[in-house]
Amino acid sequence: MHETTSTSVDLKPKDGGLLAQFKNPTALAAACEKVRDAGYKKWDAHSPFPIHGLDPSVGIRPTRLPWLIFGAGITGTSVAILLQWWTNAVNYTFSISGKPFFSLPANIPIAFELTVLFAALTAFFATLGRNGLPRLHHPLFNSERFLRATSDGFFIAISSDDPGYRPDSTRALLEAAGAEAVEHMEDDSQINAKLPRPLTIVLVTAFVLGFIPLGVIARARTNTSPKPRIHVVPDMDSQPMFKAQAAFSGFSGFADQRAMRQPVAGTVAMGDRHLDEHLTQGIVDGAFATTLPSEIPMTRSTLERGRQRFNIYCAPCHGEAGYGDGMVAQRAQALGSPKWVPPTNLHEPRLRSQPFGQMFNTITHGIRNMPAYGHAIPAKDRWAIAAYLGALQLSQNAPLSAVPQEQRAALK
Amino acid sequence: MTSTVYSDKEFDNTGADPTARAPLILGDLDIQGVTDVVAGIPEQPRTSKAWWIAFGISVSLAGMFGLLTAHLIYTGTGVWGNNIPVGWAWPIVNFVFWVGIGHAGTLISAILFLLRQRWRTSINRFAEAMTVFAVICALIFPGIHVGRIWLAYWMFPVPNQMEMWPNFRSPLLWDVFAVGTYGLVSTLFWFFGMIPDLATLRDRATGCIRKAIYGALALGWNGSARHWHRYERTYLILAALATPLVLSVHSVVSFDFAVAVLPGWHTTIFPPYFVAGAIFSGFAMVITLAVPARIIFGLEKLITLRHLENMAKVILTTGSMVGYAYGMEFFIAWYSGNATEGFTFKNRAFGPYAWAYWIMVSCNVIAPQLFWFKKIRSTPWLMLIVCIFVNIGMWFERFVITVTSLSRDFLPSAWGYYSPTLVDIGMLIGSFGIFFTLFLLFLRFVPVVAMAEVKAIMPEAHIHKSSHGEEPAHHA
Amino acid sequence: MNVDKMHLLEESVTELPPPLGGRVKAIGFGVGILGLASASVLGYLQEDHYTRFSFSYLIAWAFFLSITLGALFFVTLQHVTRAGWSVVVRRLAEGLSSQALLMALLSLPLIVPLAMGNHALFSWADHGAVEADHMLHHKAPYLNVGFFIARCVVYFVAWILMARFFFKNSLRQDGSKDPALTLRSERGSAPLMFVYAITVTFAAIDFLMSLEPHWFSTIFGVYFFAGCLVSFFATLILTGLWLNSQGVLRGAIHVEHYHDLGKLLFAFNFFWGYIAFSQFMLIWYANIPEETFWYLTRQEGGWITVALLLIFGHFIIPFVGLISRHAKRRTKILAFWAIWLLAMHWVDLFYLAAPALASRLKDGALAAGTLPLGLLDVACFVGVGGMYLAFFAVTMQKKRLVPWGDPRLNESLNFENA
């Protein structure tokens, strides 16, 4: 121990203890019992394979690793259940074929897999850790004889750190226990414990160089660049296509610089023959119609139809009551997307005074961020929605006088 | 010392005499002899010509697989024959086939360990390696089937900028977890078992580089009794964990099919039936590999006829279980009174894919029944032939399940026919290239038999209690 | 290393002592006859053409049948695998498997009324129902009284002959110590395994699955088989421990054997859980009404309690309870779990069979979701169980309780869990 403070070149390997070789497992076990009974603590038996029944001779008590592994398994189960619950039932609810968001039968397979995974990883690393491995440098490895410990040699090694260790008496004990050969182990860990020089250089260089990519990433994250990003995988980010109000790039269009052909002169596309302006465009005498067209009677069934269509097409954004608080709007708000334009509250005075024809027109052609629904909803249904919308607006803003006399009491 | 002239008579330890256990390690091998035979293989100064030829072929096929994968990714999934309605087709067949192959390795290393089947020690390393390589081959197929493979990380619960999470209620995601866990745990188990043997190679190494590599891999193992104590306990626990794991993996694979309502896929026996089929095909693969390897590397004394015969019996058993499942499916298809279910099974046997069905039945149900004959199950080359047929049959089983059901759905207007493209076929062959490349590297550089475990079951390895004075009995 | 431990047997009692055997027989027959008699009286008092009686009796009978079939599998398996460790407990298993004959006799109260036109148990035996129901009509080529009885005959003949084959070989070996007899059993065991698999599967379909003839599940045979093994290992453990406590086979069946039987009990209970989960999961997930109705009726009212009891009581709690080495090596703890699992096995059979009862009774006689539990179940269980116990004692009397001449007996005595 006195050498640890010294830096002079006359370092010598110190005595690491004694190594004794035995003929076979039987001799080893007998010797182990003698060493154990002599009261040694820092010693061990070494063999090329596990010898059954040796543990009591060495004085090994059952390991408690199984409990640790069991705990890790339970942790794995809990983590799996929590993960599935939080991701699929809390953070990102998504209905798939009507299955409940959180459904234990469907969560059991992954819970099981993670139980095994956690337990197995713990078993592996805890065993290595408790065994003090990896440990590439050990006094035992200085012995030429000990090379046979992984082939067909049976050894007992008593460390010089053992309080009962005396070079002479310990050697005598081992010889009396039937050792075929006893030799000193050299503990050169004070001298050779350092990594070899070339390896050190490689490791240090790698460590330093490792910061370069990190630096590049950090720089890219904190700076803006005018250059377009590198498309490692182009996906469908840039497609050669006509873009309205943009200079042509990559797409030259037809010879006349148009992106599409014009219809043949004098033809009308299928379904594009709008003879009845009131019904198909909501216009009467050049202004938005204030009434429903004659094909759409203002009846209960029209309003029912309108409500149903409204709840399918409009409510996701505008909300079932029309206040602009549909599921999509709520989620966009929760995400805080800066590009999101909130849907209009349909009960604004501006909208309440709109004629039916204008509502119909907005549904048909869309407005601002709202897409056009003309292609998706037949004209009669669009009228039904407009009619329902009128009723909805009335329902949310009706004066008390509009309520029949006999029901007013219930509202108060 | 490693070259032994093979002779059937000399090594026949397949006798059934109930009064004595047949020896599992033959010849005059002592503890040092086992080390010499096994460690001698990676220590050969010169690699044999046969190895180089096999390796050359395997690497070329693996290279072909790489090129075809590049072609697939660059061009798109259309280079495969997958179509609508047969959207899963060949890739999932290959996936299930390879996962199944892997199962025998875990069965041998874990389940037979728990059942104290000592004959496993000679073949477990071998079979575990096979597991790891087969799982690698298996994972490639769903990996490249996702289309945009650079987004494959979406399969994992990694937080992303879209604030989306994977759908944990989908059996396909269960697969990711099941096969991923399986691959990882199998590798750990394999490596864990190998640590003492790597230490043996370290201590026998002469070259500096070998010493450094084996030394680093052996993690400083020194055979301490305290280490062995924890090691054995953990090995047992890993085996106990791997056993339900192996059941779960192929069960989850079967869920991919069985949770669907498609006739021919939705049947409750799928989980155990898939597991039995997996073990069946895996054992056939072990024999296919072991028969040539034991002759090439002179391992006849360690991987004896008895080992091969036992494996043949497992094949017979699991093959019959698979036959039982086929029968139950047919019976219940009728018993259920469900017209589409009934049609599906008639269609399998007599429809456009009847050829595949009858290949499956003859290879999977009929071929293994040959193992009732002692002569066949104790003659290596005959076993090899039967096992190759079993492998073919098990590949076709997955083909029949996937393709016949998808191509004949509830709606006749949605029916179709699937035929593979050259890319499909090339990738199947190429996956064998990957498998054999890895396997040949394993044979060349790693101890192929678990030396420490073999030694531990030898009579010399026991403490002989002299106080009773009995002679040590020779047992296995 | 095997040392000669035959002295362990020579020092121990290896036969059922006649006074003890006599007592068991007396109690068994007494309780059995009393139970069966009171069951038939209680059944008559129900005034439902013995419908309730038939269900209670079927559950009790299936319970003891499953122990017998588990034993039969165990014996066959030990020969197939040439197992050494289990030799000391094999004779007990052989004795249990020989009760196949008793189970055949005890099946008569189920089969004879069926043959005489009573369709209390099976709606497919009711001509009117078959004519009115397309599905039953479709299944009639399989589900009809004649074929059903023919199949039963085949099952029982197969089981009785199988059990006899192994038992006889083993008994003859007691005297002759002829290893060729072991070889004979081993040779026979592999093909007989096939016979076993097929008969048990179809017996499960016939006696339990066809109670609700519309329902079907390909895994059902395996499910019943898993239950057989759980109940058998529990019974074997309890039999061994009871014999030990009476001073029989003490030292021969020792803690190492119980440890192994405990592992098998644990493993097969896990297997049961795996099969039960697979069946439930696939039906739940696919959500097809032609299958889900079976589980739906088992979630109504009181049945959900039974279902949860099975999940926790049959699977999770014993799984945790039996996982540690300690639990399997302490005979008292092991005995506790064995009794527990036997009880759960009865609950399992009750869960399989009894929900069909409501539809077999007159409308409104049993409200949906009500558990049909009663004294009748107790009487049937005690009746069949008493007979089972008594016949087991009869089978084992004047015989060695270990396979005395088995060449691997010493290996088994030496057995230690590494």
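The contact between chain A and chain C takes 9 residues from chain A and 8 residues from chain C, where contact means heavy atoms within 4.5 Å. The structure is a predicted model, in which local features need pLDDT of at least 70 and side-chain atom pairs count only at pLDDT 80 or more, whereas totals for chains, interfaces and linings use all residues. Residues are numbered from 1 along each chain as its sequence is written, chains are lettered from A and ligands numbered from 1 in the order in which they are written, and side-chain values use heavy atoms, with hydrogens and water left out.

The size of an interface is often given as the accessible area lost when the parts come together. Between chain A and chain C the buried area, that is, the accessible area (1.4 Å probe) that two parts lose on being put together, summed over both, is about 710 Å², and carbon and sulfur atoms give 89% of this area. Of the area that chain A buries against chain C, 58% is supplied by A:F70, A:K99 and A:P105, more than by any other three residues. Helix α4 (residues 104–130) of chain A, with 5 residues, gives the most to the side of chain A that touches chain C; helices are DSSP runs of H or I with at least four residues, numbered from the N terminus. This side of chain A has 6 nonpolar, 2 polar and 1 charged residues, with Ala, Val, Leu, Ile, Met, Phe, Trp, Tyr, Cys and Pro counted as nonpolar, Asp, Glu, Lys and Arg as charged, and the others, Gly among them, as polar. Between chain A and chain C there are 0 salt bridges (a side-chain nitrogen of Lys or Arg within 4 Å of a carboxyl oxygen of Asp or Glu).

Within chain C, helix α2 (residues 18–45) has 28 residues and should span 40 Å at 1.5 Å a residue, which agrees with the 40 Å between its end C-alpha atoms; the expected span is 1.5 Å times one less than the number of residues. The buried residues of α2(C) include C:L20, C:V24 and C:A39, buried meaning under 20% relative accessible area (1.4 Å probe, protein chains only). Among the elements that cover the buried residues of α2(C) are α3 (51–80) and α11 (220–245) of chain C.

By contrast, α8(A) is hardly covered, the count of buried residues among its 12 residues being 0. In chain B, B:N391 lies in helix α14 (residues 380–407) and counts as buried because its relative accessibility is 9%.

Note on methods:
Helix = DSSP H or I, 4+ residues; strand = E, 2+ residues; numbered from the N terminus. Buried < 20%, exposed > 50% of the residue type's maximum accessible area, 1.4 Å probe, protein only.
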